[in-house]
Amino acid sequence: MKSFGREGAAGILLVLPPLLLLALLILYPAAEAVLGTLRVERAGHVIYSLDRYRDMLQTVSLRRSVGFTLMVTVISAGATFLLAYPLALYLRFTRGWVSSALMALFIVPLFIPVVIASFAMVTFLENHGYVETLLHYVGIEGLPPLMFNAVGIVLTEVWASIPFATLVLLAGLQAIDDSLIDSARDVGAGPLRTFVSVILPLNTVATIISLSFLFIGILGSFTIPYLVGGNAPQMMSVVMTNYFTNYLRPEISVALAAISFVIAALAGAAYVMGVARRETA
Amino acid sequence: MTRFRMTVGWTTLLAVVALVVSLTGQPARGQAPGVVLYISGDTNIQEMFEKQLLPMYEKDTGMKTKMVFLEHGQGAAGILAKIIAAKRANTTTDVDLYETQPTFIAQGAQDSIWTKLTKDNLTNIAKVDLQRPEVLVSAGFGIPYRGSSVVLAYNTKFVKEPPKTYDQLLEWIKKNPGKFTYCDPQTCGSGAAMLYTAIYKFVKAEDYSQLAFDASKETAWEPALQLLRSLKPAIYNNGFYPNGNVAVLQLLGRENIWMAPVWSDQGVSQRDQGLIPKTIQFTQITPAFTGGDSAMAIPAHAEHQAAGLQFLNWLLTTKPQTVVVNTLAGYPGIQWKFMPKDVRDKFAGIAGNFSPLPNARYQADAKRLWQEKVAGSAQ
Amino acid sequence: MTGGSVFWFLSVGAFRRGLAILFLVGLAVFILGPLLSLVLWAFAGQWFYPALLPQEFSLKWWTVVFGNRGVMESIKYSLMTAPTVTALSIIICLPAAYAFARFEFPGRRLLLLSFLSANSFPKIGLYISIATLFYRMNLMTTFWGVVLIQLVGTLLFMIWIPTGTFRGINRSLEEAARDVGASGLRTFLQITLPIAMPGLLVATLFAFLAAFDEAQGTLIVGSPNFITMPVMMYTLVLNYPQPVGAVFSILLTLPSLVLLLLAQRLLRQGYLAAGYAL
């Protein structure tokens, strides 16, 4: 059993600076803000209760917003994952010019600030935007709206999330030794069987990391839904901001933030449980 | 390894340079400004001050000016809080002049933070019509130096006869489905105008533009909200309300829609810049869309109170007022009879009257109810 | 054509290759299409539907952007804050990362995890609390206030990724140096650091991008006196004609693209994933 003596003290000392910053700017304000949402006035007294949350979830527009946010998040995360995995597989197991081109291509969105990505998507997908202009030229008209609705949000989120998901999955795949694939082939397993029985299980950690972080990131994203989303229903981050800056109701804004955080924390918990590594000595 | 070392070397060098630059490149002190203005509004207001009014003033009086610009009134509440905090702490505030919505000025009046403007400290106040909504709503502490209102923009290519009243407008919308929209009231004033004017069909504007607030009076808005909701299928893209004034102008420009409420100054300026075609014209309807969202107030404890008063007084003279009218295609703060004839003639059409805005708390609730009942799906 | 690869399990050659090329083209259209559209808008003097290209090309919007004092100031402020934030992040986080990687202390994993909260609690919910705190500390609308708020957003990257990197370095190398009498610091600087460098560079990259792109916190703390490029971008997108937003987008992307070229190879070496594997 390790004793935490000097090493423990030194460790704590070294991690103190960023930890204090975190506590000061995030943890304490968050705790204070959330406590505020639990304080309700009833019959002249101030008590702690979940009343505010109950009232909120009874408001149709807010309920819809939570459901909408979850739906968009799950679809975006799923779509990104389904796009990134084959891409990562191809990059892991193939060489050639196509591979190099893909390698250079998929990283690009990482370096485009989200606000620009959203704006670019708007000019691209809006009514009479670039896509519609191109299609008009080949005679195709009457495309359903791709912008300022859930479709627009999903497309833009996928666009922005591809680099991270692919990088993580690729790294996971790279850790799988070629010899393992070879042995599978040697015992006569086909490509699909190899994927399901060898690659997928060995790549679990990367899968969990990418899915949970995709989920957390998209759930909390503000810029994309704000610039690219429609009028109703809206993602929680936009609704939160409206309640704060437009409707002058900060308590609801904080309550929504708390709900959003709890959902993110669930994804975070899934991540921790899936990835908790045994310490190597 | 060498490649990495080179990358590290360059990166470190860049980082050090950037750090040094950043520490020395802090906002220079230089010559202290003689007067500091906090201006809210759209970008055309910012440019008008930066490129025309402030240089003009500096040339005329030799006084250095500084402007802090609040995009669309972002942080207006914060500035108000700052001024109040300074008053309570018995210090001066760096805000010498504050342009903002009249209702914010009224809110501040409760803390006695504003200078009472009279003909003794502001001679040109005589030129201003003190019965204007901006003055009344700001409890007498705000003076308008400009006026703009929301007007109806329409594309003459498709619309031969524009509607003249709000009811005619509603009829036109229903007869031409998909060719009209207004921007999300939470993001822009021209869309909010559509909302407030609908409300004013059923209630008296003056009941909501003063400081008093009574949430129960909002039930009177229900017919207006239902009216706007019923328009949904006839609105562009089955009920799409874009984000911001400019987005609506863009839709007009790309001929996605044929008619929309826009700010008079923004519309004219975009047409002049070729961003919307020359076929776009503007007209005012009855009852008029809202406007008059701006007035100037001077904190009583401003650091350069006298300079602020001097600037405001100058702003109310003919030369700067002509700049204002010409640049913004709106109307002046002073009465039309004090303006040169050619300017009067040029803008007679759109510079009619306008309805006042509801106070800030009503505005907040109106926007929320719009989002819930008009934008949101079936309640 | 495909030299040396474990390519066997996508066996039907020509068809699969065609599929791959199709995928490449599709992805290229998806990723590059919007960017191309943006670049065209930046040079569009006049562009009405349904023209495939602007009817008139022009540089006038560039003059508008460069002539706008607010815009130029935001560029200056961004270039002032982002490097400062990155430097500070390195200074306070790397020792912590080393501690997380090498030392055992109570609550280690929980503390490491807590840094995730900085990126998962919506900042708008913290507005009032942070604003109150900053008002009291006189940090509102100041350079250091903005630096602080941007710094918080970089902690996750600057701690997790280096922790993963340091963990991946074989302890025996450090112990060997220690055995011949080198001090802890010397070992760190001459043995650990050089090996960890690629991972640290990846972390620095992400931290810089996080600071440079940070908008929500900067809007809360900096506005209206201290506006950085991303915050300015919001304004431009919503309130200015489309070409202006397009021009500024190109300007805002330039630093990132430069980093992209420098970092291509680094990113593919798995440091990112190592950092997230706790």
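The model is predicted: local features need pLDDT of at least 70, side-chain atom pairs count only at pLDDT 80 or more, and totals for chains, interfaces and linings use all residues. Residues are numbered from 1 along each chain as its sequence is written, while chains are lettered from A and ligands numbered from 1 in the order in which they are written.

**The sheet of chain B**

- In chain B, three strands form an open sheet in the order 6-5-7, with antiparallel pairing. Strands are DSSP runs (E, at least two residues), as are helices (H or I, at least four), numbered from the N terminus. Two strands pair if DSSP finds at least two bridges between them.
- Strand 6 and strand 7 (280-283) of chain B are the edge strands, and each pairs on one side only.
- Neighbouring strands of this sheet are turned by 35 degrees against each other on average, direction ignored. Axes are lines fitted to C-alpha atoms, for helices over the stretch in contact, and angles run from 0 to 180 degrees between N-to-C directions.
- Strand 5 (residues 150-155) of chain B is joined to strand 6 of chain B by five bridges. Here B:V151 stands opposite B:V262.
- Four bridges join strand 5 to strand 7 of chain B. Here B:A153 stands opposite B:F282.

**Helices on the sheet**

- Helix 11 (residues 245-253) of chain B packs on the sheet and touches strand 5, strand 6 and strand 7 of chain B. Its direction makes about 140 degrees with that of strand 6 of chain B.
- Helix 12 (residues 264-272) of chain B also packs on the sheet, at about 105 degrees to the direction of strand 6 of chain B.

**Burial of strand 6**

- Strand 6 (residues 259-263) of chain B is largely enclosed by the rest of the structure, because five of its five residues are buried. Buried means 20 or more other C-beta atoms within 10 Å of the residue's own, exposed 12 or fewer, and partly exposed in between, with C-beta atoms placed from the backbone.
- B:M259, B:P261 and B:W263 lie on one side, and B:A260 and B:V262 on the other.

**Chain C against chain B**

- The contact takes 24 residues from chain C and 28 residues from chain B. Residues are in contact if their C-beta atoms, placed from the backbone, lie within 7 Å.
- Helix 3 of chain C gives the largest share of the chain C side, seven residues.

**Domains of chain C**

- The domain assignment, automatic or from a database, gives domain 1 (13-60) and domain 2 (66-276) of chain C.
- Their C-alpha centres lie 32 Å apart.

Terms used:
Two residues are in contact if their C-beta atoms, placed from the backbone, lie within 7 Å.
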